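Colleague: I have the file open next to me and would like to talk it through with you. Could you start with whatever I need in order to follow the strand pairing?

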Amino acid sequence: MAFSSRRGTTWASSILPSSNPKSKAPRKGRRRALLKDFIFSNFFTIGLVISLSLFLLILFRFGVPKPITTHFRTRTSRARKAFGRRPLPTVYNTSAIAGAAPVDITTKELYDKIEFLDVDGGAWKQGWSVTYRGNEWDAEKLKVFVVPHSHNDPGWKLTVEEYYDRQSRHILDTIVQTLTKDSRRKFIWEEMSYLERWWRDASDEMKESFINLVKNGQLEIVGGGWVMNDEANSHYFAIIEQIAEGNMWLNDTIGFVPKNSWAIDPFGYSSTMAYLLRRMGFDNMLIQRTHYELKKELAWHKNLEYIWRQSWDAEETTDIFVHMMPFYSYDIPHTCGPEPAICCQFDFARMQGFAYEQCPWGQYPVEITQENVQERALKLLDQYRKKSTLYRTNTLLVPLGDDFRYINVEEAEAQFRNYQMLFDYINSNPSLNAEAKFGTLEDYFVTLREEAERINYSSPGEIGSGLVEGFPSLSGDFFTYSDRQHDYWSGYYVSRPFFKAVDRVLEHTIRATEMMVALILSCCQRSHCEKFPMGFSYKLTAARRNLALFQHHDGVTGTAKDHVVMDYGMRMHTSFLDLQIFMSKAVEALLGIRVDKLDHGPSQFEPAIVRSKYDAQPLHKVIGVHDSSYQTVVFFNPLEQTRGEVVMMVVDSPDVTVVDGNWSCVQSQILPELQHHDSMIFTGKHRLYWEVSVPALGLETYYISNGFAECEKAKPAKLKIFSKSDLIACPTPYSCVKIEADVAEIENRHQKLTFDVKNGLLQKIISKNSSPNTVNEEIGLYSSSGGAYLFKPNGDALPIIEEGGQLLIAEGPLMQEVYSYPRTAWEEAPISHSTRIYSGESTVQGFVIEKEYHVELLGQDFNDKELIVRYKTDIDNKKIFYSDLNGFQMSRRETYDKIPLQGNYYPLPSLAFIQGSDGQRFSVHSRQSLGVASLKNGWLEIMLDRRLIRDDGRGLGQGVMDNRVMNAVFHLTLETNVSAIPNLVSTPFPYSPSLLSHRVGSHLNYPLHAFISKKSQDKSVKPPPRSFSPLVAPFPCDLHIVNFKVPKPLKFLQQPPEGPRFALILHRRHWDSSYCRKGRSQCTNLADVTVNLFSMFKGLTVSKARATSLNLLHEDPEVMGFSEQFGDLAQEGHVAISPMEIQAYKLELRPQ
């Protein structure tokens, strides 16, 4: 996403000098003196640590049985600093496991401390007037690495293909041509989506030159993901996939594996990303877009470089080194030093004759000559020195680039030529105590670590890290981002919510397809089996890359031009259709139907849910019910546990019966199908419900007909209707009564819900054997002046529901529903919604309240409006709530009065909850990413959609007006704690979801996939039982299969059968054991008992299992932070994973 156009000329004109001097602190003494002082002042502590260490050594040597649950170590051999290593317990009993990680800085503490006054700092508007004494570099000279780069968005104002054709391919050509001229020139490149596209077009000579530049260190691939992904909306599955896709292509094609991450443009940063990168073998990270007040606070204390540690990690196994850029932007005016008016003079692509905008400060760059080189070099060096004072070491990083820069040789030569003259002058004058040169991220981080090894930069009492000494440790995330003047980037959490939903659908469809491909190739491995999935390999690779592309920080964020959003949407839709076609055939392969003819002719099955076009709502295929025939329905369960739940199909007749694969009768229920309309709410079709049981990673078959002998037909629901008009006629064959009361109820064996009939809104949730909880549902609209990025509300949201809408209650043995088409000030309401509860004594579904909101924020009546749903509970949460980061971990959120409303909104990728001191916890699980807040005590508010006519000044050049009809689905749970609750306010760490909550989230985000036979079968022909159950036993309930796949489907047949052609990625979830009662339903075991990979499959032999990094490229345990024991356990087939950890294995699989 471009930045130059985001700055705005009004901002440049307000940058005035002021005085708030802060000079660089004197450099610390050598390690020897500090060590001496430390030993004397901590004598008893050191003695205790030594004693404890000896005890642990003895315990490890003689008393710890295998397998060991924790198997980590840091990459460095240096001893730990403040605490010894200790094995993690197999099962945690604490709610706030984040309390296990001691760190120097938490982002919560920063928020508590900062006043957020937006003080004008002068030339460095968001900082202060930086000064230095001049002797800071006497003992250790200043080492400056200028890093040329070009930020290439894979879609923003133009589509990825338009950008490639017009800019990116020329940039890559330019890099090769200009770097080969001078070995002193360096460059970094990030996005593999563009590099792979260029590689297809490049000549062999250009490819060879590119590889040589990488090998000799002139050109470094940083990050190396398919894109530079968003970190607020993206799910961790998609993040792993997009990085792995880019890294694996890079390794296969060029033989390079990145170890430095470069993320200059995502709008805020997640600690999940730090974890994933560490487990992929990355050493260092660079980030830019964090709240400007946080940058200022960190810079003031020289903490802009730190060790990022996960909140649960007491062992330092997740530590990764981070460099945070200090200033407003990643463009050249904001990277050489604190004064952009001066730095802009050294952006030589802004000289006359080039196409870029001139410096808005009125002073322009000029060609460097022998006559002006001294004055220019000293002016630039002054900025370098000032910037250096914000960091601890004398090694300085200076990026040199912007969006789509270095587009031709003339521009590149202008930068390289002029900077080399400046460097030559600086380097030829020893009295300056400075050395400057072009460099890569690797050059910078290697030199920095070498300096930190020689000189101790630790602050007194600092915990730090054994990874790189001399820097503070930090935990937390960097949301919500603000770049200036209290403008908060919380709007993009919700922009284009329809496509955020499509993203998750494509994600879970890819995951299910990957599993089917792996199961077919492993279970069969005969030529006629292999030919079918191998023919699909190109489309599977395309689907992976289309999902990866949408994770771009202008894709899933909803911050691209309309035609670019359309391009993303069509790519995802094409892949979705391809995957559905494959899965429909894969069902036959796995059930053993027509195995020898899979690659010939169409499938016998079709998906039950279809999408007619890229921006259309999904529709259920209507099953035709006939007298003498039956229809087959097959379900695939992509989860690792057996799944029992009530499912729904649409049928054309209410006269229907269901039997299972053994031809046994199954209880069923029918309801009329509903639609969003003020009076014509019935479509004339019917929804058929019945309960299924599907094995883990398996298939189960059911049959539907208008009647099977001795089987009871589907029971029609009883309907209750509230309507001010008489326009709603009772449909056949249902019985209908009018609702006369003001309050209505539905209930199952676990809970009762009460509703305000006149408004059609939820009022209370009464859990059985518990006191009632007020949960007042409210639907409202913000008036706003924001845009795609910014949420800028004009006051609070106002309720829009009036008395007198339509209400329908359906009651049946399997599912009960309250449907509301509310009355609003508009002729057509922008929203209607359903609330459902399901029967089931021991199913996850039985504990859930399902909310489905149908949103139509269309037309000019809703311009500059943002639609929200708010749950106003009686839970005393102190305006503290918890929201997830990328579906992986929770983060504690607190609503601050010193921050505007929009700054108290946070990402909601999949889960948010509030809880009180009495242990009551109210959770909202979401099927897609949105935005969430708790603006008042007991409230949990979620934004559903937004329609904004203005551009918000961040470069997009348009508002968000392309709203689509969309459905948002939430699963609500209300749980009671069974143990003591600590003080919410004083507990700075995130609580974990319950085991039930994890399972609810899995069921919502990884739904059953249903397939219907295209042709009905005659009742006289009874098929044999058809099911597929590949696992010996279900997995433990807290062990999740992130993916089971063939990493390189295009090369599967070229790899030896005895090789590790399959990959399994597992995540052990941490769960809050104080909410354990309901969560253990259907759970046979937990992951505190090791799982043996060698015996997990029926009829399959896992002959070898090798531990690998999450990008599947490293097998050295030390690179991943693991000990050798980790590899040993994998060789033995045992999986012993600590809570929160994700671990990957390469498997060698073959039929028994």
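This is a predicted model: local features need pLDDT of at least 70, side-chain atom pairs count only at pLDDT 80 or more; totals for chains, interfaces and linings use all residues.

Modeller: Two strands pair if DSSP finds at least two bridges between them.

Colleague: Which residue is the bridge partner of Ile670 in β25?

Modeller: The bridge partner of Ile670 is Pro716.

Colleague: And what is the strand order in the open sheet of five strands?

Modeller: The order is β17-β19-β23-β22-β25, and the pairing in that open sheet is mixed. Because β17 (622-623) and β25 (715-716) stand at the edges with a single partner strand each, one side of each is left without a neighbour in the sheet.

Colleague: Now the open sheet of six strands, what order does that one have?

Modeller: That sheet runs β1-β11-β7-β8-β6-β5, again with mixed pairing. Its edges are taken by β1 (105-106) and β5 (260-263), each with a single partner strand, so one side of each lacks a neighbour in the sheet.

Colleague: Which helix packs on that sheet?

Modeller: Helix α10 (residues 271-279) does, touching β5, β6 (284-287), β7 and β8, and its direction makes about 130 degrees with that of β8.

Colleague: In which sense do β7 and β8 pair, parallel or antiparallel?

Modeller: Strand β7 (residues 305-308) and strand β8 (residues 320-324) pair in the antiparallel sense, over four bridges, and Trp308 has Ile320 in β8 as its bridge partner. The loop between β7 and β8 holds Glu316, a residue with a positive phi of about 65 degrees although it is not a glycine.

Colleague: Switching to helices, at what angle do α6 and α8 pack?

Modeller: Helix α6 (residues 160-179) and helix α8 (residues 204-215) pack at an angle of about 65 degrees, with their axes 10 Å apart. Since angles of 65 to 115 degrees count as roughly perpendicular, that makes α6 roughly perpendicular to α8. The crossing in which α6 passes α8 is left-handed.

Colleague: Which residues make the contact?

Modeller: From α6 there are Leu172, Asp173, Ile175, Val176, Gln177 and Leu179, while α8 supplies Met206, Ser209, Phe210 and Leu213. By class, the residues of this contact divide into seven nonpolar, two polar and one charged.

Colleague: How do α6 and α14 cross?

Modeller: Their axes come within 9 Å and cross at roughly 50 degrees, which makes α6 oblique to α14, and the crossing is right-handed. The contact is made by Thr174, Gln177, Thr178 and Leu179 of α6 together with Val409, Ala412, Glu413 and Phe416 of α14. In this contact of α6 with α14 there are four nonpolar, three polar and one charged residues.

Colleague: Which residue does Arg417 meet in a salt bridge?

Modeller: The side chains of Arg417 and Glu367 meet in a salt bridge at 2.8 Å, N to O. Arg417 lies in helix α14 (residues 409-427) and Glu367 in the loop between α12 (340-343) and α13 (373-388), so the pair ties together parts that are 50 residues apart in sequence.

Notes. Residues are numbered from 1 along each chain as its sequence is written. Side-chain values use heavy atoms; hydrogens and water are left out. Helices (H or I, at least four residues) and strands (E, at least two) are DSSP runs, numbered from the N terminus. Contact means heavy atoms within 4.5 Å. Axes are lines fitted to C-alpha atoms, for helices over the stretch in contact, and angles run from 0 to 180 degrees between N-to-C directions. Angles under 35 degrees count as roughly parallel, over 145 as roughly antiparallel, 65 to 115 as roughly perpendicular and the rest as oblique. A crossing is left-handed if the near helix is turned anticlockwise from the far one by less than a right angle, and right-handed if clockwise. Ala, Val, Leu, Ile, Met, Phe, Trp, Tyr, Cys and Pro count as nonpolar, Asp, Glu, Lys and Arg as charged, and the others, Gly among them, as polar. A salt bridge is a side-chain nitrogen of Lys or Arg within 4 Å of a carboxyl oxygen of Asp or Glu.
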